[in-house]
Amino acid sequence: METEKRLPPKILKEIKEIPTIPDVVVKVMQLTRDPNASAKQLTMAIANDPGLTGNLLRLCNSAYYGIPRVVSSLNQAVMYLGFHTVRNLVLTCSVSRFFNPQKRIYGYVKGGLWYHSVASAMASEQVCKLTQNNLRDSAFTAGLLHDIGQLIMGTSIKDTAETIVDLMKNGGLTELDAEEEAVGFSHVELGAVLADQWNFPVELIQAIRYHHHPDQAPDASFLPAIVHVANAIVLDLGYGVEIEEMKHPAKPEALQKIGLQPDQLDELKTRVAELVTQNAPNFLAMAD
Ligand SMILES: [Fe+2]
Ligand SMILES: [Fe+2]
């Protein structure tokens with residue numbers, strides 16, 4: 001890590017080892033925000049990691065990206081897909097390594113949280129297509145990483161999974177309240193603190209922090225509402241979900257903020273289901 005930021009004491013007490021994000025992700029995040037960065041710098045940063053390059057090219061040639069010819073080099077990938085999509089691919093391939101498919105995170109079946117994350121990334125992109133199209137690239141990343149706090153909570157904090165599930169199923173608490181009660185903080189708080197620690201862009205940190213309560217996000221910030229709606233659709237479709245209590249409808253304020261009519265939700269849901277069925281297997285294979 002470049003800068004060590006302090007974590008709040010209540011989080012430090014529970015999480016002894018702060019997961020580090022691979023250097024290549026930090027580097028690629030920086031480059032895609034630098035207006036003077038060149039395609040060469042981007043491909044060099046990725047090429048340092050042969051495993052990542054292989055996975056990236058495989059994914060880049062999948063139907064999801066619809067490139068009419070076979071892409072066999074990083075240069076071609078940048079040429080066809082552009083900087084931001086390649087950044088998304090780097091993130092997807094890198095974070096997939098954290099999501100152990102054998103691991104069960106509370107609320108989800110084994111490997112279900114990765115499925116949920118991939119589906120949310122695709123859904124966030126679709127929500128943007130109908131609303132804030134200019135945010136499509138950041139929406140994919142935000143959808144993919146919105147529950148990163150839950151992944152860390154589910155893997156690093158022992159013996160709380162059953163309590164959280166019990167509080168949701170039998171205590172009638174929401175996911176966030178159950179986490180607060182069992183651990184002292186929620187996955188959105190943890191995720192946002194870690195994303196800040198990893199120097200993620202502010203809009204991504206906000207999407208992570210406010211995806212359950214987009215009404216609390218700053219006015220100019222649309223990503224939390226986009227991810228909130230995508231998350232609700234994907235939960236409703238049930239990918240990887242184990243308990244019904246995880247599901248919640250999209251809040252009307254969120255729909256209003258991004259200018260989505262409630263009657264567009266069904267159409268969106270059908271589109272997301274099609275996309276996920278077709279494309280998720282290629283993404284899920286990353287974590288195997
Ligand atoms: Fe969440
Ligand atoms: Fe989620």
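**Entry 1: helix α6 against helix α15**

I started with the crossing of α6 and α15, which is right-handed. I kept in mind that this is a predicted model. I then looked up where the two helices run: α6 covers residues 112-130 and α15 covers residues 265-284. Their axes lie 9 Å apart, and the packing angle is about 135 degrees. I can therefore call α6 and α15 oblique to each other.

Next I wanted the residues that touch. On the α6 side I noted W114, Y115, V118, A119, M122, A123, Q126, V127 and L130. On the α15 side their partners are L268, R271, V272, L275, V276, N279, A280, F283 and L284. I sorted this contact by class and wrote down 15 nonpolar, 2 polar and 1 charged residues.

**Entry 2: helix α6 against helix α13**

I stayed with α6 and turned to α13. The axes of α6 and α13 come within 8 Å and cross at roughly 125 degrees. That makes α6 oblique to α13. I looked up the handedness too, and the crossing of α6 and α13 is right-handed.

From α6, I listed H116, A119, S120, A123, S124, V127 and C128. They meet I226, V227, V229, A230, N231, I233 and V234 of α13.

**Entry 3: helix α7**

How many of the residues of α7 are buried? I found 8 of the 10 in this helix, residues 136-145, so α7 is largely enclosed by the rest of the structure. My list of the buried ones reads S138, A139, F140, T141, A142, G143, L144 and L145. I also asked myself what the buried residues of α7 pack against. The answer is five helices by name: α5, α6, α8 (148-156), α12 and α13 (223-237).

**Entry 4: T277 on α15**

I went back to α15 to look at T277, which has its place in that helix. Is T277 buried or exposed? I noted 12 C-beta neighbours inside 10 Å, so T277 counts as exposed.

**Entry 5: N199 in a loop**

I found N199 in the loop between α11 (187-197) and α12 (202-210). Its phi is near 60 degrees, a positive value in a residue other than glycine. N199 has 15 C-beta neighbours inside 10 Å, so it counts as partly exposed.

**Entry 6: the two domains**

Last, I stepped back to the whole chain. The domain assignment gives domain 1 (20-95) and domain 2 (99-288). Taken over C-alpha atoms, the centres of domain 1 and domain 2 are separated by 24 Å. I counted who takes part in the contact: 16 residues come from domain 1 and 15 residues from domain 2.

Which helices of domain 1 each supply at least two residues to the side that touches domain 2? I wrote down α2 (23-33), α4 (50-60) and α5 (74-95). α5 gives the most to that side, with 7 residues. By class, the side of domain 1 that touches domain 2 has 9 nonpolar, 6 polar and 1 charged residues.

Notes: Residues are numbered from 1 along each chain as its sequence is written. Chains are lettered from A and ligands numbered from 1 in the order in which they are written. This is a predicted model: local features need pLDDT of at least 70, side-chain atom pairs count only at pLDDT 80 or more; totals for chains, interfaces and linings use all residues. Axes are lines fitted to C-alpha atoms, for helices over the stretch in contact, and angles run from 0 to 180 degrees between N-to-C directions. Helices (H or I, at least four residues) and strands (E, at least two) are DSSP runs, numbered from the N terminus. Angles under 35 degrees count as roughly parallel, over 145 as roughly antiparallel, 65 to 115 as roughly perpendicular and the rest as oblique. A crossing is left-handed if the near helix is turned anticlockwise from the far one by less than a right angle, and right-handed if clockwise. Two residues are in contact if their C-beta atoms, placed from the backbone, lie within 7 Å. Ala, Val, Leu, Ile, Met, Phe, Trp, Tyr, Cys and Pro count as nonpolar, Asp, Glu, Lys and Arg as charged, and the others, Gly among them, as polar. A residue is buried if 20 or more other C-beta atoms lie within 10 Å of its own, exposed if 12 or fewer, and partly exposed in between; C-beta atoms are placed from the backbone. Domain bounds come from an automatic or database domain assignment.
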